[in-house]
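Me: I have a structure to go through with you. Let me put it up and ask as I go.

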Amino acid sequence: MAEAVSVAADSLTGGRARAAPTVLNQVVLPGEELLLPEQEDVEGPGGGGERPLRLNAGTRSRVRVVCGPGLRRSGDRLLVTKCGRLRHKEPSSGSGGGGGVYWVDSQQKRYVPVKGDHVIGIVTAKSGDIFKVDVGGSEPASLSYLAFEGATKRNRPNVQVGDLIYGQFVVANKDMEPEMVCIDSCGRANGMGVIGHDGLLFKVTLGLIRKLLAPDCEIIQEVGKLYPLEIVFGMNGRIWVKAKTIQQTLILANILEACEHMTADQRKQIFSRLAES
Amino acid sequence: MEGVMLADAKIRAETGTESGPRGPGCSLRHFACEQNLLSRPDGSASFMQGDTSVLAGVYGPAEVKVSKEIFNKATLEVILRPKIGLPGVAEKSRERLIRNTCEAVVLGALHPRTSITVVLQVVSDAGSLLACCLNAACMALVDAGVPMRALFCGVTCALDSDGTLVLDPTAKQEKEARAVLTFALDSVERKLLMSTTKGLYSDAELQQCLAAAQAASQHVFHFYRESLQRRYSKS
């Protein structure tokens, strides 16, 4: 019985830890271990415990590996903590060599604030010199009234409870209250601030937002050809959209919601049918 | 617009995964699992083992009441709703068992001062209910993207009066059994996370049940993988 178990265990995880490059774009499950390429050489099955003596043992060529969402480090291994597809990005400088960023692309709905993310929030309270903004995380973010373009102590921005805010996180970590601003480092609004009172706000999964915001995403290009529109994507899974008429706005919202579970061919069909009507 | 909705509905139906016939020597009932079927929770799953069916929803990491806040980790809460009537002592006891199992695998330290709530609704009980609840909870936690150390599964064993072992018993088999044992096992080290037993059994029988449960857990984890791969195949 015990033998059968160990055999089955090997077949499931593919012999405990798999090398990260071999599972790229495949589904990984929580608890899986991943080996990084250069460690595979040193400590892989071929190494077998006896390491060859090296003259420059102390100065092993270091490779920078960044653990993205869904991964954590345990010693020299990568442990998967979320289910999704494993993705990798080569470092911008230097030539490959196994470094770069690894992360797990999961279909999550709940947002966890990340520093630098642009999000759409709803003002839930005004208290003294800060606004409380609901961004869909575990606690509301704070937004100072001075963090708007051209705001001074005399000249307060016109923000009411219930307004939509497009802003950026400057403080976001697990132990502290997240903090938003609506200006960039130069003090310019750069598109951020209060979003107009019309238009439609709806929620989608975080995976869809990342897909839509990817460079040269064909969905956005196709949608742009349909009607003239204004659109705001928040990394927290919220989309605000406004077209000329309410009907057009609703059509756009429905298309974007439906896009997630469609193949490229299905999308092409839908867009061609809409373009005719 | 109708075309869009229709296509969506069709894809939803395909999300459900049904397991094929079990391999020889393994007497588990048929599994079926569907993920992300509820729109409001952050993660949801329905898990079926034979005629036993449980629906699970996960909310989190969400806002937490000040009285329940833990400063260095997430507050895990499990709510088990019976099919009929109000939850009683038996449900509270099961809630605790499931919560302790989840706490062992969920990396709560990554989301301090938040709450993770698992709500389990019994849809139909035809034996091995606790095991089915554990499986549904695991799939819903995975769907919600809660960081976890490993996956876990529940396996129920029943011992007959003549000592024969039945895996994944039905309600009738459970009633006639001398002892019913439920184990929760993790996917990395195949270690025991939780065990609860009822009835009389010997030391050797416990070991035998545990070994059988470990073997059965392989099939459950294999099913998890298949089911999740199918879910992510569309993206």
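Me: What does pLDDT do over residues 40-49 of chain A, and how many contacts beyond four places in sequence does the model have there?

Reply: This is a predicted model. Over residues 40-49 of chain A the pLDDT stays under 50, and the model has 7 contacts for them beyond four places in sequence.

Me: And what does chain A average?

Reply: The average pLDDT of chain A is 84, with 83% of the residues scoring at least 70. Residues 1-15 of chain A are below 50, and that stretch has 14 contacts in the model beyond near neighbours in sequence. Where pLDDT is low, predicted coordinates should not be read in detail.

Me: OK, on to the interface. How many residues of chain A are in contact with chain B?

Reply: 40 residues of chain A, and they meet 47 residues of chain B. The two chains bury about 3900 Å² between them, and 57% of that is on carbon and sulfur atoms.

Me: How many salt bridges between chain A and chain B?

Reply: The count is 3. Over all chains it comes to 20.

Me: Which residue does A:Glu32 meet in a salt bridge?

Reply: B:Arg225, at 2.3 Å from N to O. The pair joins two chains, because A:Glu32 lies in the loop between strands E2 (27-28) and E3 (33-35) of chain A and B:Arg225 in helix H5 (residues 203-232) of chain B.

Me: And what does B:Asp42 pair with?

Reply: B:Asp42 forms a salt bridge with A:Arg110. Their closest N and O atoms are 2.9 Å apart.

Me: Which elements of chain A supply at least two residues of the side that touches chain B?

Reply: Helix H1 (2-13), strand E7 (84-89), helix H5 (246-258) and helix H6 (264-276) of chain A each do. The largest share of that side comes from H1(A), with 5 residues. H1(A) covers 2-13, and pLDDT is below 50 over residues 1-15 of chain A.

Me: How do the residues on that side of chain A divide?

Reply: Into 16 nonpolar, 11 polar and 13 charged.

Me: Different topic. Where does UniProt place the domain on chain B?

Reply: The unreviewed UniProt entry has "domain: Exoribonuclease phosphorolytic" at residues 28-147 and 151-215 of chain B.

Me: What are the helix and strand percentages for 28-147 of chain B?

Reply: Residues 28-147 of chain B are 28% helix and 33% strand, with the end C-alpha atoms 29 Å apart. For residues 151-215 of chain B, the figures are 29% helix and 42% strand, with the end C-alpha atoms 16 Å apart.

Terms used
Residues numbered from 1 in each chain as written. Chains lettered and ligands numbered in written order. Predicted model: local features only at pLDDT ≥ 70, side-chain atom pairs only at ≥ 80, totals over all residues. Heavy atoms only, no water. UniProt positions renumbered as here; feature names shortened; annotations may be inferred. Helix = DSSP H or I, 4+ residues; strand = E, 2+ residues; numbered from the N terminus. Contact = heavy atoms within 4.5 Å. Buried area = accessible area lost by both parts, 1.4 Å probe. Salt bridge = Lys/Arg side-chain N within 4 Å of Asp/Glu carboxyl O. Nonpolar A, V, L, I, M, F, W, Y, C, P; charged D, E, K, R; others polar. pLDDT = per-residue confidence, 0-100.
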